[in-house]
Amino acid sequence: MDAVVLLGSFIVLILLRVPVAYSLGLATLAGAWGIDIPLHAVMIQIAGGLNKFSLLAIPFFVLAGAIMAEGGMARRLVAFAGVLVGFVRGGLSLVNITASTFFVAISGSSLADTASVGSVLIPEMEKKGYPREFSTAVTI
């Protein structure tokens, strides 16, 4: 019965076109309410899950990537990668992959890499005629 309440409320919320994140949260609350778990106990568990230092690393790596992109480091890495592989046919996508490899070796984060190199190379690839979906897929 407990699983029925949890899955049923989730499916109903999805069918009502509620975003998935909200559907998960509301279905969890409905499931907890259905098996008589106190609401304050659920909130304590939610707050405990958010109190992780590893979750703080994600926005800081994205901030580091944005700073490196604005500071010009990403452009210099792209130029260096362009010297290495830019002469090959389809070279701009290879430049994207090579620059991403260098950048992730420096920063240690694929999120920071996507934030910095992607902000430089996706518009450049679009100017050169690459489809936006392809440019985004190569960058990711």
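Author: Helices (H or I, at least four residues) and strands (E, at least two) are DSSP runs, numbered from the N terminus. The model is predicted: local features need pLDDT of at least 70, side-chain atom pairs count only at pLDDT 80 or more, and totals for chains, interfaces and linings use all residues. Residues are numbered from 1 along each chain as its sequence is written, and side-chain values use heavy atoms, with hydrogens and water left out.

Reader: In which loop does Asp36 lie?

Author: Asp36 is not a glycine, although its phi is positive, at about 60°. Its place is the loop between H2 and helix H3 (39–50).

Reader: Is Asp36 buried or exposed?

Author: Buried means under 20% relative accessible area, exposed over 50%, and partly exposed in between (1.4 Å probe, protein chains only). Asp36 has a relative accessible area of 69%, and therefore counts as exposed.

Reader: What is the relative accessible area of Arg17?

Author: Arg17 lies in the loop between H1 and helix H2 (20–34). Although not a glycine, Arg17 has a positive phi of about 65°. Arg17 is exposed because its relative accessible area is 75%.

Reader: Why does Ser9 count as buried?

Author: Ser9 belongs to helix H1 (residues 2–15). Ser9 counts as buried because its relative accessibility is 17%.

Reader: Which residues does Ser9 touch, not counting residues up to four places away in sequence?

Author: Contact means heavy atoms within 4.5 Å. With residues up to four places away in sequence not counted, Ser9 touches Val4, Ala27 and Ala30.
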